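Reader: I have a structure to read and want to learn how its features are called. Can we go through them one by one?

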Amino acid sequence: MKLADYKATIAFSNGAPSFEMPVYNGSIGPDVIDIRKLYGQTGLFTYDPGFLSTASCESAITYIDGDKGELLYRGYPIEQLATNCDFMETCHLLLKGELPNTKQKADFSHLVTNHTMVNEQMHFFLRGFRRDAHPMAVMTGLVGALSAFYHDSTDINNPEHREIAAIRLIAKMPTLVSMAYKYSIGQPFMYPRNDLSYAGNFLRMMFGNPCEDYVVNPVLERALDRIFILHADHEQNASTSTVRLCGSSGTNPFAAIAAGVACLWGPAHGGANEACLNMLEQLQAQGGVAKVGEFMDQVKDKNSGVKLMGFGHRVYKNYDPRATLMQETCNEVLKELGLENDPLFKLAKAVEKIALEDDYFVQRKLYPNVDFYSGIVQRAIGIPVNMFTGIFALARTVGWIAQLNEMIADPEYKIGRPRQLFTGSPRRDVKDINKR
Ligand code: SDX
């Protein structure tokens with residue numbers, strides 16, 4: 001962090017002495033006021049539930065300019081990464097800070113490929129779940145259970161442990177996600193294949209079966225690889241902040257990532273793609289485009305509790321660049337599968353057009369986010385709706401680990417322990433039950 005050439009002063013109208021605080025510059029983006037000494041010097045806390053104006057950490061991994069609709073992974077624009085790189089290169093970039101050269105990419109991919117199997121005992125964990133359990137419930141359990149097997153990579157303070165745990169998690173997530181899917185449809189688990197790409201291997205583990213060879217469709221393989229790139233990291237979103245807070249206690253990386261999986265499940269976060277597709281299917285069943293106006297009235301009615309899923313974002317107050325790229329991928333996949341006239345895609349584009357011309361959305365700067373189109377392309381690939389968030393978790397695992405490792409490697413990091421504004425009952429004594 002670079003000390004700014006100005007300071008912040010907090011003054012009080014009640015005559016209390018003013019208090020000066022240092023300001024730090026980032027390389028890009030807003031400066032920060034260092035309030036770490038505020039409580040010690042003034043006895044006051046700051047108050048920012050939801051962290052609307054609070055930086056929880058210093059990071060060099062991902063930067064978002066919400067007004068411009070810009071997303072950079074280690075400085076590279078997402079549009080260039082999604083076009084010129086693949087997910088393995090993106091993982092190397094997020095974890096190590098640089099895009100790999102040819103040899104580095106081959107070595108990294110080889111390492112990941114050779115850690116894709118899970119301990120056979122993991123198969124027994126699934127048998128404890130109902131077949132109709134939500135895949136995210138299964139994933140939360142399976143990822144946490146990894147810490148039961150890898151005692152040689154659970155010391156988060158050991159850089160070598162962090163390195164191998166990162167590879168293991170990136171490598172095993174596709175295997176675990178596909179196991180959760182196969183379990184839900186009563187089909188046998190498919191073992192990973194070392195001769196396939198990361199995305200190709202996942203497609204085969206999801207849609208292959210032991211009775212016949214599975215041929216990877218290169219268009220779907222590339223589309224899935226791009227979906228992984230688009231979901232790989234996103235600054236200090238809710239699940240990443242969960243992973244950081246969980247990891248700050250020194251717990252093992254598998255437990256911290258399991259906490260991220262659990263947080264991502266929420267419909268306001270990673271569960272939005274599932275909720276968005278369900279919303280579009282429901283709208284389609286009720287009459288499609290003809291019913292959009294009525295639906296929008298519900299969305300704009302505060303009392304309805306209805307939100308336009310896949311729209312809006314805490315940071316983006318412009319188009320989410322990932323939504324643009326996802327729409328392109330949607331076109332490619334639907335064309336490849338002869339689904340150009342997919343009614344749901346047409347409906348989504350109609351909903352987007354109507355929303356972007358409606359004052360309610362314009363005034364609130366609500367645009368499509370990454371989840372608005374991702375469900376349509378995943379559904380076209382054949383991924384069931386309740387698996388969408390599992391795919392999101394698979395892709396986001398590299399971002400979670402990169403952020404966790406960045407925090408642990410910072411000698412200044414402390415266990416996260418926010419304070420509160422207490423508005424409950426002051427001290428009082430317990431009365432005998434006969435007098436209550
Ligand atoms: C992800 O943080 C990340 O980076 C997350 C993510 C990542 O990659 O990690 O980008 C992934 O989670 C994307 C977001 C997916 N969620 C959804 O699509 C669910 C629908 N969106 C909303 O729930 C909402 O937009 C949030 C949760 C995404 C953001 O909420 P904020 O920043 O807390 O904003 P807000 O709820 O205060 O909304 C501001 C106003 C409110 O209206 P007013 O009170 O000002 O009148 O906009 C309205 C909201 O009611 N609003 C919406 C809306 N989103 C916000 N109204 C209708 N539909 C919506 N989708």
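Reader: Which residues is D225 in contact with, leaving aside its neighbours within four places in sequence?

Author: Contact means heavy atoms within 4.5 Å. By that rule, and with neighbours within four places in sequence left aside, D225 is in contact with C85, D86, F87 and A199. The model is predicted: local features need pLDDT of at least 70 and side-chain atom pairs count only at pLDDT 80 or more, while totals for chains, interfaces and linings use all residues. Residues are numbered from 1 along each chain as its sequence is written, and side-chain values use heavy atoms, with hydrogens and water left out.

Reader: Where is D225 found, and does it count as buried or exposed?

Author: Helices are DSSP runs of H or I with at least four residues, strands are runs of E with at least two, and both are numbered from the N terminus. D225 is found in helix α9, residues 218-230. For burial, the cut-offs are under 20% relative accessible area for buried, over 50% for exposed, and partly exposed in between, with a 1.4 Å probe and protein chains only. D225 counts as buried because its relative accessibility is 9%.

Reader: Which side chain makes a polar contact with the side chain of D225?

Author: A polar contact is a pair of N or O atoms within 3.5 Å; within protein, one must be able to donate a hydrogen and the other to accept it, and residues adjacent in sequence count only if both atoms are side-chain atoms. Here the partner is the side chain of R222, at 3.1 Å.

Reader: How do I read a nonpolar core?

Author: In soluble globular proteins, nonpolar side chains tend to be buried together. A nonpolar core is a set of buried Ala, Val, Leu, Ile, Met, Phe, Trp, Tyr and Cys residues joined through side-chain atoms within 4.5 Å. The largest one here has 115 residues, and F228, L308 and I381 touch the most other members. Not counting residues up to four places away in sequence, F228 touches F87, Y198, A199, F202, I391, L394 and A395.

Reader: In what order do the three strands of the open sheet lie?

Author: Two strands pair if DSSP finds at least two bridges between them. The order is β4-β5-β6, with antiparallel pairing. β4 and β6 are the edge strands, each pairing on one side only. β4 (residues 62-65) and β5 (residues 70-73) pair over four bridges, and Y63 has L72 in β5 as its bridge partner. β5 and β6 (residues 76-77) pair over two bridges; L72 has P77 in β6 as its bridge partner, and Y73 stands opposite Y76.

Reader: What lies between the paired strands?

Author: Four residues separate β4 and β5 in their hairpin, and G69 in that turn has a positive phi of about 70 degrees. Two residues separate β5 and β6 in theirs, where R74 has a positive phi of about 50 degrees.

Reader: How many aromatic pairs does a search of the whole structure find?

Author: Rings of Phe, Tyr and Trp (its six-membered ring) pair if their centres lie within 6.5 Å; planes under 30 degrees apart count as stacked, over 60 as edge-to-face and the rest as tilted. The search finds 15. One of them, F149 with Y150, is tilted, at 6.4 Å centre to centre and 55 degrees between the planes. Another, F311 with F361, is edge-to-face, at 5.8 Å and 75 degrees.
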